[in-house]
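Subject: Structure handover

Hi,

Here is the structure for your files. My notes on what was found follow below it.

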Amino acid sequence: MRKSGIMKAGEVPSRLTRARAAALSATGQLPPLKKVAEESQKHPLRANSKRAVSDDTYLPHKKRAILHDVTNVRCEKSNRSCLNPTETQAKKRKLNKPAQPGVSKEVPLVADSKPVKLPEMRLRSSEDVTCSVKLEDNEPIRLSANHCATNNDLLHSQTSRVSAQPSISQKKASQTVAAEKGNISELLDVSKHPDVADIDADFEDPQLCSLYAADIYDHMRVAELSRRPNPNLMETVQQDITPSMRGILVDWLVEVSDGYKLQANTLYLTVYLIDWFLSKNFIERQKLQLLGITCMLIASKYEEINAPHVEDFCFITDNTYTKGQVLQMESLVLKSAAYQLFAPTTKTFLRRFLRAAQASYKRPSIELEYLANYLAELTLMSYGFLNFLPSMIAASAVFLARWTLDQSNHPWNPTLEHYASYKASDLKAAVLALQDLQLNSNDCPLTSIRMKYTQDNLKCVATLSSPKLLETMF
């Protein structure tokens, strides 16, 4: 064992600092460091070992793989690599190529779609939706808007009516460009028609989705056709229940939703799920109430933050049905709906149309909002209103509510016509049928909705009546 301070000639310490290396190199006694390197390989660094500040030893950094593509576009063939940098760069050069003057600019679409011009993109995106589901085989069928028109004659007229309106998404694009340029005058000029108010001009509130609201509701106008229950379900599918039984069930569910303080969205979705299931499946009258509480259970899970439990719905039926029966019916309803619970209801469009109706007032009218909601809920119990689209029922409720509160002005103005995509003549049949519900309050035995809207906190709008509608209004 040798002393710590004595070294033999030509011996290099296992740990060599910079100061000692400089001293040895000055005296010419610094030999090759091959031995030191070999010893360092025999004793690799440990994960928790401490390193001196003057130590030159370091761990090499691992090279990170190149991120070629971050899109969600799949290749046509699974055995072909999507991350080819050569092809990616070639595509970028083609896309960045300046357009020649006089040639219309085309935007390439993903997958195998053909190039579509910019004005056509908005309508095509709304048309290409899943229009129907084959519930027998559980196979989704992707149909175009033209194919949907064969099953529902209203689709072509609906899409043409929506596309005939000025493109609000194009307005928003021009607004964004104007905002970048700082041209405030262009930003304020959002509508070519001087009588149409822009209800999407509030960009400060992110919950209003001002930039996307027009495209969202265009999509819902097409979705309400593809997910529409059969308006003749009592005549074609059901044999043991009647429209009056359906009305009694809905009237009872209104009381249940009011007792549990459920949202209006939950009630509308509940009635929709009932009609959708009755459109596809035969049911006996003994199980109609079971279907009602099951659909409300599903709608509560979808809409509510704190949904009632299964035991709560069994309790309100006086334990007529067990928990196992409710869960079994829940499985049948979900399978019948192909697990697609979203559907635009009357409440969905009523918010939009009420916002357009309030644009003509200096101050928002709370009474108008309550009255329109009351009229819309009255249609839930009436089987005949399945013949009308939810958007048409919402527009008719706003029409009749404005006429009930004010007969000095026409209830339908250019702003409502623009955002609802309905003319006054289109609403004639629905408005007249809705006024019959409003005026025949004494003849109807179903009173839960009327009693609900006779409360003071809802401005007692159920006690209001409207004068006779004139033919000249349509």
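Start with Glu224, which counts as buried because its relative accessibility is 3%. Buried here means under 20% relative accessible area, exposed means over 50%, and partly exposed lies in between (1.4 Å probe, protein chains only). Arg221 is likewise buried, at 3%.

Before the rest, the ground rules. This is a predicted model, in which local features need pLDDT of at least 70, side-chain atom pairs count only at pLDDT 80 or more, and totals for chains, interfaces and linings use all residues. Residues are numbered from 1 along each chain as its sequence is written, and side-chain values use heavy atoms, with hydrogens and water left out.

Salt bridges

Side chains of opposite charge can pair when their charged atoms come close. The rule used: a side-chain nitrogen of Lys or Arg within 4 Å of a carboxyl oxygen of Asp or Glu. That gives 8 salt bridges. Three of them are described here.

- Arg221 pairs with Glu224, with 3.4 Å between the closest N and O atoms. Both sit in helix H9, 3 residues apart, about one turn of the helix. Helices are DSSP runs (H or I, at least four residues), numbered from the N terminus.
- Arg246 meets Asp275 at 2.8 Å, N to O. This pair links distant parts of the chain: Arg246 is in helix H11 (residues 243–259) and Asp275 in helix H12, 29 residues apart. Arg246 is buried at 4% relative accessibility. Asp275 is buried too, at 3%.
- Lys428 meets Glu471 at 2.7 Å, N to O. Again distant parts of the chain are linked: Lys428 is in helix H20 (residues 428–439), Glu471 in the segment after H21, 43 residues apart. Lys428 is partly exposed, with a relative accessible area of 29%. Glu471 is exposed, at 56%.

Cavities

How many cavities of 30 Å³ or more does the structure hold? There are 2. A cavity is a set of points on a 1 Å grid, over the protein atoms alone, where a 1.4 Å probe fits but cannot get out; lining residues have an atom within 4 Å of a point. Points are joined across faces, edges and corners, and the volume is the space filled by probe spheres set on them.

The largest cavity has a volume of about 320 Å³. Its lining has 20 residues, and Asp275, Thr346, Leu386, Pro390 and Ile393 lie nearest the centre. Asp275 is also the salt-bridge partner of Arg246. Helices H12 (264–280), H17 (366–381) and H18 (390–405) each supply at least two lining residues. H12 gives the most, with 4. The lining divides into 11 nonpolar, 4 polar and 5 charged residues.

Backbone

Most residues other than glycine have a negative phi. Asn319 has a positive phi of about 55°. Asn319 lies in the loop between helix H14 (310–316) and helix H15 (323–336), and is exposed at 54% relative accessibility. Cys460 also has a positive phi, near 50°. Cys460 lies in the segment after helix H21 (448–452) and is partly exposed, at 22%.

Regards

Conventions:
1 Å grid on protein atoms, 1.4 Å probe; cavity = no way out; pocket = protein on both sides within 12 Å on 5 of 7 lines; lining within 4 Å. Nonpolar A, V, L, I, M, F, W, Y, C, P; charged D, E, K, R; others polar.
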